[in-house]
Amino acid sequence: DNNSMGLAKMEIMRQKSHTRPRASYPAKRYGELVEILPVMTPKRIARFLSRIDRTAALGCHPFTGSTNQQGYGLVQGSDNYLGFSFLAHRVMWALDHQIEPGSAVIRHSCDNPSCINPDHLSLGTQADNVRDREARKRRDVRGEQIGTAKLTVAQVREIKSSVGRSL
């Protein structure tokens, strides 16, 4: 009917008046470094700090929010209508030191990916991180643990067991 048509037109006009044209959003490319500190508003900082478990053993403070597949905490932020995900340990380091880590690596002295205790975090290079890994003998990755693996352990066993049968 006419009344519902008029309401639909009003809703479209309301939506148009509350959005910016796509061309006016700032352009960011994937992989481009985004500064952490300007994005972390007081409200976001409070939310971030509320997701820290300071009761854990060994002095680690695990991040209790969302994590990526490797177990590192993820913090959401946005700037000028663009959304970003930051690694929680990088956010903690930036907040603790009040400087941007830039392209530097934030290393964990505890080898706990979810830990964001500032006492366990240090700035370094990828080479420093690799030396840490080798010194702690954490290079023992096999099979599915390797990021480029194409087969699972079960698939490899199946292939090996079927080799004699199919010939």
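**Exercise 1. Find where Asn117 sits, say whether it is buried or exposed, and list what it touches.**

Step 1: Asn117 is in the loop that runs between strand S3 (105-108) and strand S4 (121-124). Helices (H or I, at least four residues) and strands (E, at least two) are DSSP runs here, numbered from the N terminus. Residues are numbered from 1 along each chain as its sequence is written, and side-chain values use heavy atoms, with hydrogens and water left out. Keep in mind that this is a predicted model: local features need pLDDT of at least 70, side-chain atom pairs count only at pLDDT 80 or more, and totals for chains, interfaces and linings use all residues.

Step 2: check the accessibility. Asn117 has a relative accessible area of 6%, so call it buried. (Buried is under 20% relative accessible area, exposed over 50%, partly exposed in between, with a 1.4 Å probe and protein chains only.)

Step 3: look for partners. Skip the neighbours within four places in sequence, and Asn117 is in contact (heavy atoms within 4.5 Å) with Gly59 and His61. A polar atom of the Asn117 side chain lies 2.6 Å from the backbone oxygen of Gly59.

**Exercise 2. Trace the salt bridges around Arg107 and say which residues end up in one network.**

Step 1: set the rule. We want a side-chain nitrogen of Lys or Arg within 4 Å of a carboxyl oxygen of Asp or Glu. The whole structure has five salt bridges.

Step 2: start from Arg107. Its side chain meets that of Asp128 at 3.7 Å, N to O. Arg107 belongs to strand S3 and Asp128 to helix H4 (residues 126-135), so this pair ties together parts 21 residues apart in sequence.

Step 3: take the next partner. Asp132 and Arg107 also form a salt bridge, at 2.7 Å, N to O. Asp132 is in helix H4 and Arg107 in strand S3, so here the parts tied together are 25 residues apart in sequence. Both Asp132 and Arg107 are buried.

Step 4: follow the helix. Arg131 bridges to Asp128, with the closest N and O atoms 2.5 Å apart. Both lie in helix H4, three residues or about one turn apart. Arg131 counts as exposed, at 52% relative accessibility.

Step 5: join them up. Through shared partners, Arg107, Asp128, Arg131 and Asp132 make one network.

**Exercise 3. Say how many residues of helix H3 are buried, and what they pack against.**

Step 1: count. Eight of the ten residues of helix H3 (residues 88-97) are buried, so the helix is largely enclosed by the rest of the structure. Among them are His89, Arg90 and Trp93.

Step 2: find the neighbours. The buried residues of H3 pack against helix H2 (42-49), S1, S2, S3 and S4.

Key. A polar contact is a pair of N or O atoms within 3.5 Å; within protein, one must be able to donate a hydrogen and the other to accept it, and residues adjacent in sequence count only if both atoms are side-chain atoms.
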